[in-house]
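Let's take a look at how this protein chain packs together. Have the sequence and the 3D view open as you read.

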Amino acid sequence: MQYIQTKKKKQPVQVQIRSLEDAEKNPKQIQQWINNVNELHKTRPPPTVQYTKTMPDIELLMQEWAPEMEEAFGQIPLPGPEMDLSLGDYARMVCTMLDIPVHKLGNKKGLIEALHHLFTLYAEFKDNPHFGRQKAAGNSAAGDRPSEKVDYMKIS
């Protein structure tokens with residue numbers, strides 16, 4: 001997996017660089033500089049990752065599951081820590097359940113790439129306005145299932 005930041009070719013912008021004398025007495029100028037830097041960071045394109053092998057498109061992974069799968073996930077609890085699995089095996093199982101392939105690459109690279117894809121999928125769901133509206137309306141991803149008390153961390 002290679003971390004590559006793409007940069008758009010733009011005309012260079014001339015920026016005046018100066019220093020502030022008695023900076024502690026000029027909080028407005030310091031805050032303006034901080035705001036300018038934050039705006040600059042917002043305009044940068046997001047970094048891209050090139051996977052060693054093909055991964056499924058995030059949009060495809062976000063598609064609605066078949067009703068049978070939805071029902072099964074509603075009735076069958078996800079495996080918890082009582083399973084005798086290593087962390088790597090547990091991560092492979094979760095990725096497999098979500099149709100994210102874990103390619104056999106050296107030095108656990110395939111697992112790292114699969115986990116990156118899993119967390120990218122999670123971020124997309126989290127930032128998706130459709131699911132934000134559902135959460136605001138009181139409909140969680142868990143549907144109408146009653147909440148149960150668990151003694152281990154549950155990701156929701």
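## The core

A nonpolar core is a set of buried Ala, Val, Leu, Ile, Met, Phe, Trp, Tyr and Cys residues joined through side-chain atoms within 4.5 Å. Keep in mind that this is a predicted model. Its largest nonpolar core is made of nine residues: Met55, Ile58, Leu61, Met62, Cys95, Ile100, Ala114, Leu118 and Leu121. As a general rule, nonpolar side chains in soluble globular proteins tend to be buried together.

Now zoom in on Met55, one of the core residues. Skipping its neighbours within four places in sequence, Met55 is in contact with Ile100, Pro101, His103, Glu113, Ala114 and His117.

H5 has 19 residues and reaches 27 Å from its first C-alpha to its last, close to the 27 Å expected at 1.5 Å a residue. Which residues of H5 are buried? They are Gly110, Leu111, Glu113, Ala114, His117, Leu118 and Leu121. These residues sit on the same side of H5, because they cover an arc of only 165° around the axis.

That buried set packs against H2 and helix H4 (87–97). On the face turned away from the buried side, you'll find the exposed residues Phe119, Lys126 and Asp127.

The chain has a mean pLDDT of 78, with 72% of its residues at 70 or more. Over residues 140–147, though, the pLDDT is below 50, and this stretch has two contacts in the model beyond near neighbours in sequence. Where pLDDT is low, the predicted coordinates should not be read in detail.

How values were computed: Residues are numbered from 1 along each chain as its sequence is written. This is a predicted model: local features need pLDDT of at least 70, side-chain atom pairs count only at pLDDT 80 or more; totals for chains, interfaces and linings use all residues. Side-chain values use heavy atoms; hydrogens and water are left out. Buried means under 20% relative accessible area, exposed over 50%, partly exposed in between (1.4 Å probe, protein chains only). Contact means heavy atoms within 4.5 Å. Helices (H or I, at least four residues) and strands (E, at least two) are DSSP runs, numbered from the N terminus. The expected span of a helix is 1.5 Å times one less than its number of residues. The arc is that of the directions from the helix axis to the C-beta atoms. pLDDT is the predictor's confidence in each residue, from 0 to 100.
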